[in-house]
Amino acid sequence: MNTIISFSGGRTSGMMLKTMIDYYGGCLPENIKVCFANTGKEHPATLEFVQECSEQFGCEIVWLEWQRAERPSDRWKVVDFQTAARKGEPFSGLIDLRGYLPNPVTRFCTQELKIRPMKYYAQQMLGWKEWQVAIGFRADEPRRIAKLKIQNECFDRFAPLAEMGITKSDVGKFWKNQKFDLKLPNQNGETAHGNCDLCFLKGIHKRAALIAEKPQTADWWIAQENKIGSTFCRNLPDYKTLKTIAINQQELFEQEDNQDCFCTD
């Protein structure tokens with residue numbers, strides 16, 4: 001069946017990609033495409049990892065980005081490692097178009113920046129009418145797996161690693177046996193620096209720790225809140241306040257850890 005491998009640029013989806021390549025004897029069939037959707041807010045190491053996976057695994061990875069256009073179906077383009085946005089341009093452009101910020105309830109960023117560019121690529125470039133999307137979810141992520149069937153799209157989603165019973169421990173072992181790896185810290189099977197650098201769905205303590213490590217990372221998020229006059233998360237400190245707290249090493253109140261999102265792995 002026509003298939004898109006949705007490669008987020010993380011270790012789990014990287015393992016999924018290599019597993020599927022190996023399943024097909026080292027070369028993916030023509031009706032299986034690998035796509036990476038760049039928001040412009042990924043860590044530089046993520047972009048380097050995507051490129052290295054393409055080179056080391058010997059497979060083509062199609063780089064996609066959101067772009068502003070009058071018709072929704074034109075809001076995507078193909079880029080590559082050299083031309084990919086690195087200053088949040090696709091994400092900020094989407095916010096400008098919408099006129100408000102995504103938030104934990106209305107997460108239009110994932111839909112518009114990642115899911116729809118892959119959908120339009122499949123329809124317009126490949127001419128597909130039916131296909132499935134492989135997602136890098138593991139067997140130890142039951143809540144995320146349960147949500148795979150909840151959608152109103154023309155394609156189905158499945159999680160091959162979950163079907164194989166793969167857990168975060170297995171992912172860690174896999175990359176220890178490879179000759180390259182994502183150059184971001186692996187903390188108990190999680191990569192806090194991965195995907196959008198200070199995504200509002202990351203736990204507030206994790207965001208504060210990331211800001212303390214590199215304070216200027218918060219500036220793009222602060223700029224988005226300032227231009228809209230609102231915040232990404234109601235009832236939580238805005239990014240300007242969070243930066244101040246992080247720099248001064250002030251204590252934060254207790255808050256839930258990461259929330260589920262189809263961007264992350």
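Predicted model: local features only at pLDDT ≥ 70, side-chain atom pairs only at ≥ 80, totals over all residues.
**Aromatic pairs, a helix and a strand**

Good morning. Ring pairs link Phe7, Phe49, Phe57, Phe174, Trp175 and Phe180 into a cluster.

H2 covers residues 44-57, 14 residues in total. From its first C-alpha to its last it reaches 20 Å, close to the 20 Å expected at 1.5 Å a residue.

I now move to strand S3. Five of its five residues are buried. Ile61, Trp63 and Glu65 point one way, while Val62 and Leu64 point the other way. On one side of the pairing, S2 and S3 run parallel and are joined by four bridges; here valine 62 is the bridge partner of cysteine 35. The path of the chain from S2 through H2 to S3 forms a β-α-β crossover, and this crossover is right-handed. S3 also pairs with strand S4 (residues 77-79), in the antiparallel sense, over three bridges. In that pairing, glutamate 65 stands opposite lysine 77 of S4.

Let me return to the rings. The structure holds 20 aromatic pairs. One of them joins phenylalanine 200 and phenylalanine 232, which are stacked at 5.6 Å centre to centre with 20° between the planes. This pair links distant parts of the chain, 32 residues apart: phenylalanine 200 is in the loop between H7 and helix H8 (204-213), and phenylalanine 232 is in the loop between helix H9 (218-228) and helix H10 (239-247). Phenylalanine 200 counts as buried because its relative accessibility is 3%, and phenylalanine 232 is buried too, at 1%.

Are the rings of tryptophan 220 and tryptophan 221 stacked or edge-to-face? They are edge-to-face, 4.8 Å centre to centre and with 80° between the planes. Tryptophan 220 is buried, with a relative accessible area of 11%, and tryptophan 221 is buried at 0%.

Finally, two arginines lie over ring faces. Arginine 86 lies over phenylalanine 81, at 5.0 Å from the ring centre. Arginine 98 lies over phenylalanine 108, at 4.4 Å from the ring centre. Thank you.

Terms used: Residues numbered from 1 in each chain as written. Heavy atoms only, no water. Helix = DSSP H or I, 4+ residues; strand = E, 2+ residues; numbered from the N terminus. Expected span 1.5 Å × (residues − 1). Phe/Tyr/Trp six-rings, centres within 6.5 Å; stacked < 30°, edge-to-face > 60°. Buried < 20%, exposed > 50% of the residue type's maximum accessible area, 1.4 Å probe, protein only. Lys NZ or Arg CZ within 6 Å of the ring centre and 35° of its normal. Pairing = 2+ DSSP bridges. Right-handed = clockwise from strand over helix to strand, strands pointing away.
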